[in-house]
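Me: I would like to learn how to read charged side-chain contacts in a protein model. Could you take me through them step by step?

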Amino acid sequence: MTFEKLKTFWSKHKRSLWALIALIGIVAMILGLLELLVLFDIGMPDWSEPPLMNHIGYGSWFFVFIGGIVTILGWMYFHDYNKKHKRFEELMKTNSKASFIRNIVEIEELAIDLGPEYEERVIDKRKSLKVKTR
């Protein structure tokens with residue numbers, strides 16, 4: 001895959017990819033925490049080691065730390081995307097040409113952030129409301 005294809009894929013599937021990144025962070029953090037429970041012999045009497053971990057020892061702090069950061073960042077960007085999507089849908093719902101023109105700058109910025117299919121929706125809305133382009 002070329003860089004352009006990856007960029008297009010990212011822009012089309014940004015919402016689900018951020019959720020996936022956050023979930024991967026959660027899994028890494030949980031595996032690190034389970035390994036720490038085994039390492040310090042706390043609360044895991046029947047389980048010799050967590051799955052997918054081969055007693056990495058104190059390196060499990062790395063998994064907990066990085067997993068926590070990745071989870072927080074993934075959910076923050078996922079939430080930001082959802083907030084932009086909701087605002088975009090609110091602004092695009094209008095059938096008033098005056099209201100659309102008044103909010104056109106914000107609508108276009110949101111469309112650029114959300115991806116190419118949203119940009120196409122703005123272009124279609126401009127045509128349907130007969131708004132002149134610059």
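Me: Is Arg121 buried, partly exposed or exposed?

Reply: Buried means under 20% relative accessible area, exposed means over 50%, and partly exposed lies in between, with a 1.4 Å probe and protein chains only. Arg121, at 33% relative accessibility, therefore counts as partly exposed. Please keep in mind that this is a predicted model, in which local features need pLDDT of at least 70 and side-chain atom pairs count only at pLDDT 80 or more, while totals for chains, interfaces and linings use all residues. Residues are numbered from 1 along each chain as its sequence is written, and side-chain values use heavy atoms, leaving out hydrogens and water.

Me: Which side chain meets that of Arg121 in a salt bridge?

Reply: A salt bridge is a side-chain nitrogen of Lys or Arg within 4 Å of a carboxyl oxygen of Asp or Glu. Here the partner of Arg121 is Glu89, at 2.6 Å from N to O. Glu89 belongs to helix α3 and Arg121 to helix α6 (residues 116-129), so the pair ties together parts 32 residues apart in sequence; helices here are DSSP runs of H or I with at least four residues, numbered from the N terminus.

Me: How many salt bridges are found in the whole structure?

Reply: The search finds six. One of them joins Glu108 and Arg126, 2.5 Å from N to O. Glu108 lies in helix α5 and Arg126 in helix α6, so this pair links parts that are 18 residues apart in sequence. Glu108 is partly exposed at 23%, whereas Arg126 is buried at 9%.

Conventions. Helix = DSSP H or I, 4+ residues; strand = E, 2+ residues; numbered from the N terminus.
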